[in-house]
Amino acid sequence: MQANILRLVAPLLILVGALGGCAAIEQQEAADTQAATAAAALPPDLERRFTALDANGDGFIEEREVWADAEVDRRFELGDINFDGKLDRAEFEELVDSDSTSRRAELRK
Ligand SMILES: [Ca+2]
Ligand SMILES: [Ca+2]
């Protein structure tokens, strides 16, 4: 009797497991896509400017890399929102969006 139930249930369990695996893979793929989107989220003109400043190509703008851009150089510390000494793309976008950076400058006074 128990063996019969197992024979009926086992394929279902395998199916459920397989579906769960698919869902996990889909979630991972979605996360990968999001990460890729976040890394390339800048409008083309900003992306060009970011890439030009990121001299060593590590995906971050460090303070020693910003001398080429007077505006970014001047406001580097304001733009470094998480204080790690470098600008990621999101911070760079915030920095060149003068309104939000000016607002933060006001808040820090
Ligand atoms: Ca860099
Ligand atoms: Ca930072």
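Contacts first. In this predicted model, take the contacts in the protein with a separation of 6 or more: 32% of them are between residues 24 or more positions apart. As for burial, the protein has 109 residues, and 13% of them are buried.

Next, the layout. The protein has six helices and two strands. Along the sequence the order is α-α-β-α-α-β-α-α.

Now the core. Which residues make up the largest nonpolar core? There are eight: Phe50, Ile61, Val66, Val72, Phe76, Leu87, Phe92 and Leu95. Take Ile61 as an example. Leaving aside residues up to four places away in sequence, Ile61 touches Phe50, Leu53, Asp54, Val66, Lys86, Leu87 and Phe92. Core members are among these partners, including Phe50, Val66, Leu87 and Phe92.

Two of the core residues, Phe92 and Leu95, bring us to helix H5. That helix covers residues 89-96, and its buried residues are Arg89, Glu91, Phe92 and Leu95. Where do they sit around the axis of H5? They are on the same side of the helix, because the arc they cover is only 160°.

Last, a residue in a loop. Asp58 lies between helix H2, residues 44-53, and strand E1, residues 61-62. Is Asp58 buried or exposed? Asp58 counts as exposed, because it has 10 C-beta neighbours inside 10 Å, and the cut-off for exposed is 12 or fewer. Asp58 can also be placed relative to Asp88, which is 30 residues away along the chain. The C-alpha atoms of these two residues are 9.8 Å apart.

Methods
Residues numbered from 1 in each chain as written. Chains lettered and ligands numbered in written order. Predicted model: local features only at pLDDT ≥ 70, side-chain atom pairs only at ≥ 80, totals over all residues. Helix = DSSP H or I, 4+ residues; strand = E, 2+ residues; numbered from the N terminus. Buried ≥ 20, exposed ≤ 12 C-beta atoms within 10 Å, placed from the backbone. Contact = placed C-beta atoms within 7 Å. Arc of directions from axis to C-beta. Core = buried A, V, L, I, M, F, W, Y, C linked by C-beta atoms within 7 Å.
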